[in-house]
Amino acid sequence: MLAVVSLTALGIALGTLLGVAARYLAVEENPLEAELQALLPGSQCGQCGFVGCAQAAAALARGEASPTLCPPGGRAVTEAIAAKLGIRIDLSAVRDDGPLLAVVAEEICTGCCRCSKVCPTDAIIGAAKQIHNIIREACTGCGACLERCPTEAIGLMPMPVTLPHWIWPKPAVA
Amino acid sequence: MKEYALMMIGAALVNNVILARFLGLCSFMGVTTRIDTAAGMGLATTFVITVSSMADWAVQNYLLAPFGLGFLRTVTFILVIASAVQFTELTVRKVSPSLFQMLGIYLPLITTNCAVLGVALLLVESRLSFLASALFAFASSLGYSLVMVIFAGLRERLALATVPRLFAGPPIGFIVASLLAMAFMGFSGISTG
Amino acid sequence: MGLIERLFREPRWGVHPDDHKRPAADAPLRVLPRPARVHLPLQQHVGGAARPVVLVGQKVLKGQLLAQSQGNISAPIHAPVSGTVTAIGEVTAPHPSGLGLAAITVEADGADRWIETDPVADPFALAPEEIARRTAAAGVVGLGGATFPAAVKFALGRRLSVRTLIVNGGECEPYLSSDDRIMRDCPAQVVDGARIIMHAIGAESALVGIEDNKPEAIAAMTRAAATYPEVKIRPVPARYPMGSDKQLIETLTGKEVPADARAAEVGVLVHNVSTCAAVHRAIRLGQPLVERIVTVNGGAVTRPGNVLAPLGCLVDDLLACCGVKEKPARLLFGGPMMGTLLPHGRVPLVKGASGVLAFTAAETAVPATGPCIRCGSCTRACPMGLLPLEMAAHIRAGDLDGAVGYSLSDCISCGCCAYVCPSHIPLVQYFSHAKGELAARERARLRTEAGRRLAEARLARLERDAKEKAELAARRQAERAAARARAGAAKPAEQTT
Amino acid sequence: MMPGSSERPVAAPYAATANSVRRVMTWVMAALTPATLFGFWLYGWPAVYLWIVTVAAATLGEGFCLRLMRRDAGPTLGDGSAVLTGWLLAVSLPPWAPWWIGAFGGLFSVIVGKQVFGGLGQNLFNPAMVGRVALLISFPVQMTAWVAPLPMFSVSAPGPLTGLMITFHGMQPAFDAVASASLLGFAKTEMARGIDLAQSLLHAPVPSWYGSRPGSLGETASWLIVAGGAAMICLRIISWHIPLAMLLGIAVPAALLHAVDPACYLDAGTHLLSGGAMLGAFFIATDYVTSPNTPRGQLVFGAGCGLLSYVIRTWAGYPEGVAFAVLLMNSLTPVIDSYCRPRIYGRDRRGAALEPEK
């Protein structure tokens, strides 16, 4: 009896203390989801399997998706998400061929305008019956246009290496 | 005075919680990937050990011993420790959200860190005075923090080393721990001598 | 050096490589025989590439503008020979990648006819802005290797009211002696150029820092500057990288340039001696920058020395002029410490190339890389006070952010660390790799951000479109309803009538 | 691409020092040679054999590990680091220790102390001291069996054959050299028996000025070790920071406590000249891999080594603390390194950009 009473008393006392402390030390919930969404490309391309970046961010925040989910974001986005979530991942597993660009094969393009309607960043220009073109600076390489093209005139290719973009190779480890 | 000093050195270095008593190995291997994290963990655990040891001393001497409730010791001690951990968790979350994130699951797990309960139980056995037990607990946890920080530094360097695949990961961690324990054996004999 | 000195007067930074400057430095200046054609890359400077203003097939005179500057930081390109523009296309860039670079090719006609120039008799009567304008129009850039447009620096100096001009005659790179040569052969031009720059930026004094391994240059410059008390010749200890801006400023003035800040913010501006001479020619003679002195040196060269060569001539032309003992195993622009590796000899001479080095296979042989033994040689040698061994260890493990934490951004790539490393670890390559990766990452981030903005704009547009369409539809419907109502109203009226 | 150059371009600088790991190791060995030769002379043939066994064990251990990892053993063994590890271990052993002490120590040093971490440059603890401490706590009897000096070629010294017997067949009790004690050990046991230093030192083994005293194989000739260390400092193989800080770290507390109570505490000179203080300060604590690499860090490290040596010698159970102190400070090296960084040009100590001074 004494044991029960003393234990209960102790528990109540400590619980009260903690309750008071919780009130004084309260913090707002971490707005993790919004922060994650800010890291994602935001092009809503759907390659991750979610409807859009907001849904992907929500899944990431719930821990239901892997940080490696975003192909257009590449390694950089994966790293940023992993850092935000505080998890370590093996980055070597993430395929990253560098940024990709969509290119239009001019001899096959029929100027149907279907691709430009789905491009999430409005990177495709061209009027009906005109050969379409892609603005390099705006293309995120998401590939949404690829499936839309009835003549398979669009392909992805790695961004060409130019002088200012050239990187010294990492020295071979002895 | 000299006895206190010797006792504290003994608790911190000679009978180090981690390296000589092999307590708290979970957090020793778990949160020592970075010096900052390990130092944070050390601080949090120092606080928990010191506070809960003092509280446990009071509980032991004014509640359990007078009423003959020795059989409730473990339960009550864990209750006290859990409360202290909860408090620490709230504080850390408020003061340093990044540390909170880095410590992750290991912060609430201080509750089950056997170093905490171990020190409290050791104190019961040694029947020290309140001041002495507070100092003993504090010194023990300082020794814990010291080893945590040292080990985190070593592991930061190990992370950059090209350890053979056979030993990479936990094996090399334990080898380092054993070498560290070997080095700490140099202190043996201080408190008794 | 005495034992006691070695023990107690340990220099705080840098290395002292074997300088190999002589006999090339002592050989009299030669002039390159006029090449048959020259290739002028449109980007020979920091900043935006120049935009061509000539057409293929057009006849040009020596000194005629070929491409004008584009953007705030840029420099024009002029024809170094008279002749015909034969192509505007790609040539191999002076870059280890061997990638192409847009260039104008001029076929020399052999006449070397100068375009009409506009000399200025008294530059000190000109407004400083006018000097900056003329310098910019002459295409003068930093000739020490940085190739920053000189006129942009003038404007910066004026804006931040710089009081001291530092003339960099350090030339600390081994093998190179083009600055040495220009100080020995035309000290008056250098001093005059320095005084013009002082006028242009409003500086009160000029300090000429010359490494003490060039006694002839110090003597010549002292003589030339004797009549101008504001120009002071200051010998500095020969120690690499004394020719680096930050180290020279600290040695001469004791001031330290804060991290991420420009030298002008501590009241000094640094210009190379060759740049001074080029400014002199641009203002006094009205001649644009079309030629430069370049050191041709290295074990594979028969008659090493300095050559006055038109820009755009090929490295092979320069080597042919000085003779080659054996096929060079490595070609460099600049010195061995920071120079640029060239993919082959068919690379045009650019404004920033102070030397062409041709090394034999024996000279290029390096011992195999070993593991880091943490000896700390690199730390002692680093003129920036960094920890190269830690940065390299983090980069090797793929932890670029860790390297950034060790202040990778402060690295000046001087090469001291890799030079002294007893394990011959290519530390600078690690750092260059990491800097490139970080820049690529930043580009990717900006790209992602731009993509997001575009996507948001598109969504907003689609929404607006849908809304407008809905409104339009609603209005149409309302109109139709109104019309029907009107018609309905008319009908009964009809019926009633 | 240029003829002769590979597909991957090599970055500047295209010049390199003549310095190499091998040269560094060779100089350290050269600096260690006089003290070692002195040890050979002082303790006779058994010392020579022990040295050979230890160095051979370390080299073989390294070669074996490299073979296991299928790496080319040639260049790695050629840099001399394994030999140096064995050598440093050998000179810190009791000169008449049985062969298996040297063999076990050499193998343990190189395998557990170094190769397990990935080889040269990756180890966290000084390999020689790892071996020494492992031996000391595993075989305390053999590791504290000191002999009185019996100079080679002197009448009572063991000859080459007897030396072989001593090293490989256990000690011969016929020699009166056996069962001597080092001064530190002597003082410690006498103190434990309640005899204060003023009394006990009267009949303590007297150290001679040139190092003829019982002790480790190569630790006794302090003057030769200091000479070797000074040579290394002049050659810039090591900097002065660690040795000076470490010797001060021992001498200052020793002098202070000796002044307070001469009956309880040995004087600073004795502390500096006995045990492994000198060898530790110049050859062991200065190991590149396991010591900090900034001057300030090295001062902290050296002082820590000295202080801990003194603490362990004076209060802990072991008579000699240099090896433990070095290992303990080795473990702190990463922490020291991360807090003692050099000031970066243009930044203050904390890494913030300086204010521009006009």
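Trainee: Where is the place of Cys375(C)?
Mentor: Cys375(C) sits in the loop between helix 10 and helix 11 (377-381) of chain C, where helices are DSSP runs of H or I with at least four residues and strands are runs of E with at least two, numbered from the N terminus. This is a predicted model, in which local features need pLDDT of at least 70 and side-chain atom pairs count only at pLDDT 80 or more, whereas totals for chains, interfaces and linings use all residues. Residues are numbered from 1 along each chain as its sequence is written, and chains are lettered from A and ligands numbered from 1 in the order in which they are written.

Trainee: Why is Cys375(C) called buried?
Mentor: A residue is buried if 20 or more other C-beta atoms, placed from the backbone, lie within 10 Å of its own, exposed if 12 or fewer, and partly exposed in between; Cys375(C) has 23 such atoms, and therefore it is buried.

Trainee: Which residues does Cys375(C) touch, not counting those up to four places away in sequence?
Mentor: Cys375(C) touches Pro422(C), Val24(D) and Tyr288(D), contact being defined by C-beta atoms, placed from the backbone, that lie within 7 Å.

Trainee: How many residues of chain C are in contact with chain D?
Mentor: In chain C, 62 residues are in contact with 42 residues of chain D. The elements giving two or more residues to that side of chain C include helix 10 (361-364) and helix 15 (427-496) of chain C.

Key:
Two residues are in contact if their C-beta atoms, placed from the backbone, lie within 7 Å.
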